[in-house]
Amino acid sequence: MEPFKNYFNQDLIEKTADIFDRGPARFDRKHFVTLAAAELEGLELKERATQIMHALDQTLPAGFDEFEEAVLASLHKSEDPSGEGLTFDGSGLMGFAAWPITDLVTHRGLRAPERALPLLKEVTKRFTAEFAIRPFLVEHRDYTLSVLNGWVDDRSRHVRRLVSEGTRPRLPWGLRLSEFVADPAPILPFLNALRDDKEDYVRRSVANSLNDIAKDHPDMVAEIAHDWLDGASANRTRLVRHACRTLLKAGHGKTLAAFGYEPVDGLTCDLSILTPKVVFGKALEFEAIIKAPVQTAPVMVDYAIHFAKANGGTAPKVFKWKDAKLQGGHLCATRRHAIKPITTRRYYEGNHMLELFVNGISVASADFELCM
């Protein structure tokens, strides 16, 4: 498969040049192409987008009025090209072709948020401004939050999503919003307002933001989950479960309780390793028989493999298994877990341990041997 960095190629640069060349502002097409395409082959994805951004910066008018006019004229006519399944054809900036212009709006407008933020609102309809808006939340926090508050009811799904995605405390590959990592209270009203958005695209963003918050404030997110699940629709229930995925996997007690997974008194588990010697490349097979005095109870069953390390110790990795109910106080299940090469783990020969959890509580463990 061709590297995605090659999306920013000579053809895209030429099409971008054509778009601005036919626009209302003064634009040096030849100089832009020379700057944007310089030694392109040696650059990675973000480096290419940044080089194109700087080329636009040097060839578009310096005044913000003319710059704004040029940007608005350059955008694709559709306000939701991704929703229409459109691809970049040179008729207007959209998709990743609009990435450089989002960065340039921030580069030029950070000192004038009252001008730059409305412009980012238009650009985000064609390509997300979730990264571009974050410096404004650092430099002009209160003003930017007040602007975003006016966007939670916007008719554009992309604008509404920008409110939740742009304020995520730990957005991957984005500028970390340390103030919201420490105290997410300022962004919680946005998430509450968007939790029942008609678009799954927006709701998943809300869930991802809550998942970010859960990494630093697990009890807070557990309380939000408990509140939001009260009388929740199917869509909101899915949102909350996705938001709590990290906490559920970690067996966080208050979060499990919010979903009804309470500790079960008198529960026992017989764990049997069906493949006590596992050859690398094959699978670990095991069986669990769970019993309890109660006739029915919701149970979330997870397991951890304590992988051997080079220094003789072990490192556990938790895996999801079953979300079920005890029927007649009984649940029997088997599992195959492939032990095969992956890029994120190096395996070592020797003894490993399997540990079983029910509703976040360790209930059984057993050893097996990995043969390389």
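In which sense do β3 and β6 pair, and over how many bridges? In this predicted model, the two strands pair in the antiparallel sense, over 9 bridges. The close-up views below take up this pairing and other parts of the structure.

**View 1. Strand β3 and its pairing with β1 and β6**. Strand β3, which spans residues 283–291, pairs in the antiparallel sense with strand β1 (residues 268–273) over 6 bridges, and β3 also pairs with β6, again in the antiparallel sense, over 9 bridges. F286 of β3 stands opposite I273, and F286 likewise stands opposite R335 in β6.

View 2. The side chain of H337 makes a polar contact, at 2.7 Å, with the side chain of Y303. When neighbours within four places in sequence are left aside, H337 is in contact with K282, A283, L284, Y303, I305 and F319.

**View 3. The buried and exposed residues of helix α14**. In helix α14, formed by residues 234–243, the buried residues are R236, L239, V240 and A243. Seen down the axis of α14, these buried residues fall within an arc of 95°, and they therefore line one face of the helix. A234 and R238, on the other side of α14, are exposed. The cover over the buried residues of α14 includes α12 (200–214), α13 (218–229) and α15 (245–250).

Definitions and conventions:
Residues are numbered from 1 along each chain as its sequence is written. This is a predicted model: local features need pLDDT of at least 70, side-chain atom pairs count only at pLDDT 80 or more; totals for chains, interfaces and linings use all residues. Side-chain values use heavy atoms; hydrogens and water are left out. A polar contact is a pair of N or O atoms within 3.5 Å; within protein, one must be able to donate a hydrogen and the other to accept it, and residues adjacent in sequence count only if both atoms are side-chain atoms. Contact means heavy atoms within 4.5 Å. Buried means under 20% relative accessible area, exposed over 50%, partly exposed in between (1.4 Å probe, protein chains only). Helices (H or I, at least four residues) and strands (E, at least two) are DSSP runs, numbered from the N terminus. The arc is that of the directions from the helix axis to the C-beta atoms. Two strands pair if DSSP finds at least two bridges between them.
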